[in-house]
Structures are given as structure tokens and as C-alpha cells.
Amino acid sequence: MNGLTVLELFCGGGIGAIGIKQAGYNIVKALDFDKHAIAAYRYNLGESCVEQADINSVDINELPTTDIIFGGPPCQSWSAAGKGEGDNDDRGKLVWRYLEIIEAKQPKAFVFENVKGIIGKKHRSTFESLITKFNEIGYNVNWQLINAWDYGVAQRR
């Protein structure tokens with residue numbers, strides 16, 4: 001363990017948590033909207049820190065203060081496989097809620113994970129606005145497009 005704590009938002013079935021834990025971080029709370037994702041998270045990690053919650057309804061002040069916030073807001077609004085509605089879709093608006101939580105909690109660092117479509121021409125202005133807002137609230141943002149295949153995942157995306 002490295003002594004650093006993590007709040008995981010949009011945790012899904014725990015795939016991100018596996019890497020977080022292997023890297024030595026302590027996940028103190030994990031949240032997701034989907035009850036099936038919560039069940040998978042508990043099955044995959046045996047964790048009791050995970051809760052089902054609508055991120056829009058969560059009282060930010062009741063979230064733990066942690067060293068890092070890790071999350072990947074839903075990707076369907078940004079994905080080429082989805083309708084591509086971006087932040088005109090309720091799920092797409094969750095990127096702004098994520099920003100709001102980061103601003104309020106002020107972790108030492110955060111990880112924002114999403115699909116390639118969010119940096120594409122159609123959604124580039126939203127992506128650039130997010131980067132600007134993260135910078136305005138005190139973060140020096142670096143981003144990179146990565147291919148999961150390069151990290152041993154059997155998918156080229």
C-alpha cells in the first residue's frame with residue numbers, strides 16, 4: 001500500500017479498481033448508479049466500500065475527502081457506437097457533475113477516463129471546455145489517448 005486514498009466514481013464492475021488496488025491505493029468509497037454494476041464490483045473485489053447511488057443526488061459534502069478521485073463518466077454519449085449526443089444527453093451531462101465534485105473536494109489528483117469520441121471533432125469543444133475548467137479550478141491537466149490493446153486488453157480501443 002502506498003498510503004494514498006481514492007474515491008471512485010462511476011465504478012462499474014470494478015475493472016478500474018483492480019488496477020487501482022494493484023498499484024497500492026486504498027479505495028475508501030466507490031459509487032455507481034447501476035445495481036448490476038455494484039453486484040459485479042462486490043463479486044470481483046469483495047468490497048464493502050461500494051454503494052449504489054445517483055451521482056446527481058449525492059451530497060458532495062458527504063463524500064470522503066481523498067487523495068485521488070478516479071472516474072469514467074458514462075461513455076455512451078461520446079462513443080461512435082452511441083447516439084453521439086454529448087452533453088445534450090443526461091448521461092453526457094455527468095462530465096460536468098464530475099468536474100463539480102473535483103472542484104468541491106480538491107483532491108491532490110484525479111483521473112478522468114472516457115472513450116476516444118470525446119476528443120473527436122463533434123465533441124472537441126466540450127472536451128476543451130472541460131480541460132479549461134479543470135485548469136481554472138487549480139489543476140494542470142495532461143491527457144493522452146491510449147489503446148487498451150497496448151496494455152494487454154484483448155480489444156483494440
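These notebook entries record what I looked up in the structure above, from its sheet to its cores and helices.

**Ground rules.** I am working from a predicted model, in which local features need pLDDT of at least 70 and side-chain atom pairs count only at pLDDT 80 or more, while totals for chains, interfaces and linings use all residues. Residues are numbered from 1 along each chain as its sequence is written, and side-chain values use heavy atoms, with hydrogens and water left out.

**The sheet.** I looked up the strand order and found an open sheet of five strands, β3-β2-β1-β4-β5, with parallel pairing; strands here are DSSP runs of E of at least two residues, helices are runs of H or I of at least four, and both are numbered from the N terminus. Two strands pair if DSSP finds at least two bridges between them. The edge strands, pairing on one side only, are β3 (50-52) and β5 (109-112), and the twist from one strand to the next averages 15°.

**Strand β1.** I then followed β1, which is joined to the parallel strand β2 (residues 26-32) by five bridges. V6 stands opposite I27 of β2, and E8 stands opposite A30. Both faces of β1 are covered, with T5, L7 and L9 buried on one side and V6 and E8 buried on the other, where buried means under 20% relative accessible area with a 1.4 Å probe, protein chains only.

**The cores.** I next asked which residues have the most contacts inside the largest nonpolar core. That core has 27 residues, and the answer is L9, I69, Y98, I102, F110 and F134; such a core is a set of buried Ala, Val, Leu, Ile, Met, Phe, Trp, Tyr and Cys residues joined through side-chain atoms within 4.5 Å. α3 provides the largest share, six residues. Leaving aside residues up to four places away in sequence, L9 touches L31, I55, I69, F70, G71, G72, Y98 and I101. A second, separate core of twelve residues includes I20, I27, A30 and Y41.

**Helices α3 and α4.** I finished with this pair, whose axes come within 11 Å and cross at roughly 5°; axes are lines fitted to C-alpha atoms, for helices over the stretch in contact, and angles run from 0 to 180 degrees between N-to-C directions. The two helices, α3 and α4, are therefore roughly parallel to each other, a term for angles under 35 degrees. V95, W96, Y98, L99 and I102 of α3 make the contact with T126, S129, L130, K133 and F134 of α4, contact meaning heavy atoms within 4.5 Å.

Conventions: Buried means under 20% relative accessible area, exposed over 50%, partly exposed in between (1.4 Å probe, protein chains only). Angles under 35 degrees count as roughly parallel, over 145 as roughly antiparallel, 65 to 115 as roughly perpendicular and the rest as oblique.
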